[in-house]
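I opened this model to go through its ligand shell, its sheet and a few single residues. Notes follow in the order I looked things up.

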Amino acid sequence: MAEREKKSGIYIHIPFCHSKCTYCSFITGSYEELLVENYISALEAEIRRKAASLLPSQKFVDTIYFGGGTPSIISPKQLERLLSTCLESFHVCQKTEITAEMNPSDLQKSRLEAFRQIGINRASVGIQSFIDLQLKAIGRDHSAEQALTAIEKLHASGFDNISIDLIAGLPDQTWQQWSYNLSTAFSMLPDHLSIYLLEIKEATTLYAQVKSGRVATPDQDLAAQI
Ligand code: SF4
């Protein structure tokens with residue numbers, strides 16, 4: 001492969017969330033307007049700085065991924081600023097896959113259409129479960145109804161490349177509940193499905209809950225079966 005044909009991916013981290021999920025060990029904070037604005041400006045500078053440190057042949061890009069945290073929490077205008085900075089600083093290929101991780105509670109029509117318009121062409125939605133009790137138990141801020149309608153809303157706003165995430169092995173999860181989550185996910189025909197097995201890490205709320213006996217230790221045999 002010729003040197004100039006080597007392509008890279010850009011990952012941009014948005015470390016803000018609506019609330020803290022009990023199992024989450026990532027460093028994230030709540031959305032605060034000034035803090036987010038300062039973070040976006042710092043990211044723009046960092047994207048330019050990184051690009052300036054590369055040779056022209058190292059600047060070909062064919063994927064851009066906004067992960068988090070919750071990238072859908074920031075405004076389409078702020079995402080557009082970051083994307084424009086990438087476009088100005090790197091050689092972004094025409095068919096570049098541009099993904100944003102999204103929370104089911106952020107999928108309002110106007111917001112999705114704006115994301116689509118600025119060039120986000122792939123959505124990765126953190127569904128985790130289609131059961132309200134489970135979502136509540138792990139501190140997710142969205143409802144089962146929002147999870148169930150996520151793909152429909154994305155399609156209606158022009159997204160045709162959609163990935164969803166589920167978490168397996170939640171505390172008190174039964175085989176039947178897991179089967180329901182999995183078959184519901186399949187019935188929505190996502191383009192991609194990621195399944196994560198729950199890990200209980202120290203310094204999370206879930207760890208303290210399990211340690212104190214307030215939440216049952218997830219059944220390891222069932223997790224293995226899943
Ligand atoms: S949405 Fe994701 S990153 Fe944010 S608190 Fe929940 S698990 Fe952590």
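I began with the ligand. Its surroundings are Cys17, Lys20, Cys21, Cys24, Phe26, Thr28, Gly68, Gly69, Thr70 and Gly126. I counted a residue as near if its C-beta atom, placed from the backbone, lies within 6 Å of the molecule. Sorted by class, this shell holds 4 nonpolar, 5 polar and 1 charged residues. For the classes, Ala, Val, Leu, Ile, Met, Phe, Trp, Tyr, Cys and Pro are nonpolar, Asp, Glu, Lys and Arg are charged, and the others, Gly among them, are polar.

Two notes on the source. The model is predicted, with pLDDT of at least 70 required for local features and 80 or more for side-chain atom pairs, while totals for chains, interfaces and linings use all residues. Residue numbers start from 1 along each chain as its sequence is written.

A cis peptide bond links glycine 68 to glycine 69, with omega about 20 degrees. Glycine 69 sits in the loop between β4 and α2. Elements are DSSP runs numbered from the N terminus: helices are H or I with at least four residues, strands E with at least two.

I found 6 strands in an open sheet, in the order β1-β4-β5-β6-β7-β8, with parallel pairing. Two strands pair if DSSP finds at least two bridges between them. At the edges are β1 (8–14) and β8 (192–197), each pairing on one side only. On average, neighbouring strands are turned by 20 degrees against each other, direction ignored. I then checked β7 (residues 162–168): with β8 it forms 6 bridges in the parallel sense. Isoleucine 164 faces leucine 193 of β8.

Which strands does α2 touch? Helix α2 (residues 76–89) packs on the sheet against β1, β4 (60–68) and β5 (91–102), and its direction makes about 155 degrees with that of β5. Axes are lines fitted to C-alpha atoms, for helices over the stretch in contact, and angles run from 0 to 180 degrees between N-to-C directions.

Then the helix pair. Helix α1 (residues 33–52) packs with α2 at about 10 degrees, axes 9 Å apart. So α1 is roughly parallel to α2; angles under 35 degrees count as such, over 145 as roughly antiparallel, 65 to 115 as roughly perpendicular and the rest as oblique. Ile40, Leu43, Glu44, Ile47, Arg48 and Ala51 of α1 meet Gln78, Arg81, Leu82, Thr85, Cys86 and Ser89 of α2. Contact here means C-beta atoms, placed from the backbone, within 7 Å. I get 6 nonpolar, 3 polar and 3 charged residues in the contact.

Is aspartate 106 buried or exposed? It is buried, because 21 other C-beta atoms lie within 10 Å. The cut-offs: 20 or more other C-beta atoms, placed from the backbone, within 10 Å is buried, 12 or fewer exposed, in between partly exposed. Aspartate 106 lies in the loop between β5 and α3 (109–118). Beyond four places in sequence, aspartate 106 contacts Ser72, Ile73 and Arg111.

Aspartate 141 lies in the loop between α4 (132–137) and α5 (144–148). Aspartate 141 has 17 C-beta neighbours inside 10 Å, so I logged it as partly exposed.

Definitions and conventions: Two residues are in contact if their C-beta atoms, placed from the backbone, lie within 7 Å.
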